Each structure stands twice: as structure tokens, then as C-alpha cells.
Amino acid sequence: IAARWKTLSDFQKKLIWIWYRVYPTDEYYSYACKNASKAEDIPARLRDDIFQLSSRSDKWIKERMSAVKALGFTSFDDAYFAAMDKLPLPETKLQLLTYQTHEEKVYAIKVISSMLRGGAEPDALAELIETDYPALAAYLRENTGADADVDQYMRWYRKNKIINRYPGESPIQIGFDRFDPRAMLMHKIKSEDCAYFWIDGFGVEYEPLFLYELKARGILPESVKIGTAILPTETDFNHQWDEHDPNTTKWDRLDSLSHRGLPDDKSYFSCIVHQLSVFADAAKKVEGLLEQHEYVVVTGDHGSSRFAALAFHDKSVVPVSPPKKATVYSHGRFCELDPQSTDMIAPSGTDKTENAGKTYLVQRGYQNFSASGNVAGGNTDDHDVVGESHGGNTTEERLVAVTILKRKHPRPPVVCPPQSKQVTERPC
């Protein structure tokens, strides 16, 4: 009945309302319908009345969830979340969300952020939501399987990103010398029938989620390798694709979200929901590419760092004065040295790199060169503000995954039609 509610006539809805008042049952549907003052109130009562109960059986929770999902709510108002806020246990809040709307997913991340701040562990929280919000569960607990140290680092990073507080420098140090450059990993594919799929801002942070989304579509990579982006970790320095190549696809959505969110939505938790959704779409894109090509290679130009953005405003992090005449970029993540300057000494915590005949100093940790800007400005525990930075040399900025996928079955050969009745069909 809930699934057909929108198609029922007013008379039919009233009959349902009367029926449950005359013939009540022990089901949640009966309880909610009986509480409705008129038939039109039934959807809202089914959605909200469970909040008023002092105890809730698993049976009623499942019945309410089925009804609310069948009713197909596309959004929830502030009153709904205000009622949710009054629930004493965060676990109950996560249990009663339907995860059907963007707003509910944002609310779930806020609840999980609070629980992580209180000492909860990501694996335990992932178990609570793995059925209803599997993408977030995968983001919290999955690994690449390509490098144990990187997996450990990124679990620390993702946990603290959801906490949304500046955590200080990571206790896990990753050296980059043991990783091949991204270009070297990509060039190992020796096939003319290969599609290249670049996702701007796709650092190794998201690789476990991407692998989960691929697996959900029955796609298993041939290999997953971790490589290094070029310093500074900006798109201009890592532009290794040809826009005119019909076998190359590039998406900019992830990087745009990481920097600015959406034009009318500057919530960082909302941004994270959008970031996670990119990879379900990316897996679908890969599925389509594999129908056309023998191989698909997926990678990113660089990653991004939430903590470099938070450090930009954190009073405990002292900005670094750049050398004289240096030009600072990317909210202080790197600077370009003036070749005429005599001040060429690299400050502590920076790495010097040469690119296209120019010399740059790149921040190794979360300190930034002194610069103007307002990346993630105003972010607090109660007010999450969008913003991530890149250009530096932290693990989340520098390391990218190269995922190689191969068709399960070879493409059938293209057969040319015979030119005459005497000529049989021949492979093209």
C-alpha cells in the first residue's frame, strides 16, 4: 500500500485510515495510522512516530523502514532532523535513517564524525552502516591491498578527515622513493586497444572505495599499483593526457568538489557525500569502457589534503616565510623561486624540485607558505566548511593509484562483408 500511496484516490486513502482504526494490529503501520488525525497525515506519521517511542522493537524498525522507503520521500525538512537530534543514542540515529536522500547521508556523516571524536573506531561504525550506506562503510574501513604502510596511513587520514579537526602531522611516515612514477606504471600497458580514464583529484585516498564500487559491478582489476604524481602536485604539472585522444576521458568533478563544494552548498560533510558518489559513477563509466576496449587504465593527476587546508587557519601551525621574490601558489602549498634571487635556501620541511626549467619549493607536511586566502575558513566542530588543498608533498597529495582493468572476454573480430558472391567473409 505504501508503494502505491501516491496513486491512490483520496477515498481509498481514507478507507485505509478507517480500516486501521477499526481493525488495529500489532504492526507499526497500524500504530502510525491510528495516530494520524486524517488520512493525509499517514506518510508523515509513518516517518516520524517512531521517534516518540521510548523503546523500539527490531520488527517495528524494519516495518517503518520498509514503509518510508516505499513512500519514496525525496527530501526531509528541518523538523525531521530536529526530531532525530533528540534521540539519545547516535547508534539509534544511524539505525533510523533511510539513507535515501542526500540530506540523510550528510546527517549520517555528522553523526559518525561525532562518534569518532568520542573514541569510536571506524571498523565498528562501518559495520553499523554497511547495509544502508555501503559507500561510506567502504571508505571508512577498506584498503587498497597494494601497500600495507600506505593503507595504514590512509585509514588514519580518512578517519581524521571525517572527524574534521586538524590532527597535526601524521605519526605514520611514508617514503616515496620506493614507488614508481605514475607515467611508468601506465606505460607498462602494451595494447593498442586501451582507454585511459583520468579523474582529477583522485588520490590514493579513494582507491579502496573505487575498488568496492567496481566489485559491486562484478569488475575485478587486473592490477592495482601505487605511483607518484609530479611535484608540485597541481594539474598543470601532471597534465599527461591528450584531450584530443578519443580513447582518453577526463573528469573534473572530484577536484572541483574538493576545492569549492557546490555553488549553493558549502558544507564539508555534504561535499564528502558528493565525493563518495563520484566513484559509483566512475565504476559505471569503466563498465561502459570495457565494452568498447580490451583494457581500461584509471588514475588521477594528484590527490588533495583536508589537513593542509585546516592548517591554513590553525593557530598552532606557523606559516613559513617564502624566500625573497618567490611567488606563492595554492594557498601556500608551494612557491616558485625567482632565478635572480640570492635567497635560494630551502626552509626546513620543504622539498626542492625542478620542473620545465623552473625551481619550486614544495611543502612536505601541513605547514603552508604565508599566503592570503580563505580555504576552509570558519570551519568548526559545529560548522563544517568545504575546502581541500593540493600542490604539496604529503602522502594524500602525492600518491595516486593506477588501476588496470581487462575485459573478461575478448572483443569479437570485426568482419567485413564480402565484396562479391565469389569472395567469402574475411576478417578486417
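Because the model is predicted, local features need pLDDT of at least 70 and side-chain atom pairs count only at pLDDT 80 or more, while totals for chains, interfaces and linings use all residues. Residues are numbered from 1 along each chain as its sequence is written, and side-chain values use heavy atoms, with hydrogens and water left out.

The account begins with the sheet. Helices (H or I, at least four residues) and strands (E, at least two) are DSSP runs, numbered from the N terminus. Five strands, in the order β2-β9-β4-β1-β3, make up an open sheet with mixed pairing; two strands pair if DSSP finds at least two bridges between them. At the edges lie β2 (223-228) and β3 (248-251), each of which pairs on one side only. From one strand to the next the twist averages 20°. Axes here are lines fitted to C-alpha atoms, for helices over the stretch in contact, and angles run from 0 to 180 degrees between N-to-C directions. Strand β1 (residues 194-199) pairs with β3 in the parallel sense over four bridges, and T248 in β3 is the bridge partner of Y196. Helix α12 (residues 207-216) packs on the sheet and touches β2, β4 (295-299) and β9 (399-406), where contact means heavy atoms within 4.5 Å. The direction of α12 makes about 15° with that of β9.

Among the helices, α13 (residues 253-260) and α14 (residues 268-290) have axes that come within 9 Å and cross at roughly 175°. The two are therefore roughly antiparallel to each other, a label for angles over 145 degrees, with those under 35 counted as roughly parallel, 65 to 115 as roughly perpendicular and the rest as oblique. On the α13 side, R253, L254, L257 and S258 meet residues of α14 that include C271, H274, V278 and F279.

Helix α9 (residues 134-141) has six of its eight residues buried, so it is largely enclosed by the rest of the structure. Buried means under 20% relative accessible area, exposed over 50%, and partly exposed in between (1.4 Å probe, protein chains only). The buried residues of α9 are A135, L136, A137, A138, Y139 and L140. Their cover includes α7 (102-117), α8 (122-129), α10 (148-163), α12 and α14.

A nonpolar core is a set of buried Ala, Val, Leu, Ile, Met, Phe, Trp, Tyr and Cys residues joined through side-chain atoms within 4.5 Å. The largest has 81 residues, and those with the most contacts inside it are L94, I112, I129, L136, F279, V286 and V298. Helix α14 supplies the largest share of this core, 13 residues. Apart from this core lies another, of 22 residues, among them M154, I226, A309 and V317. Leaving aside residues up to four places away in sequence, I112 touches L94, L125, I129, L136, L140 and I162.

Some backbone sites remain. Most residues other than glycine have a negative phi, and most peptide bonds are trans. The peptide bond from L231 to P232 is cis, with omega near -10°, and P232 is placed in the loop between β2 and β3. H331, although not a glycine, has a positive phi of about 50°; this residue sits in the loop between β5 (327-329) and β6 (334-336) and is partly exposed, with a relative accessible area of 33%. A376, also not a glycine, has a positive phi of about 60°. A376 belongs to the loop between β8 (358-363) and α16 (395-398) and counts as buried at 5% relative accessibility.
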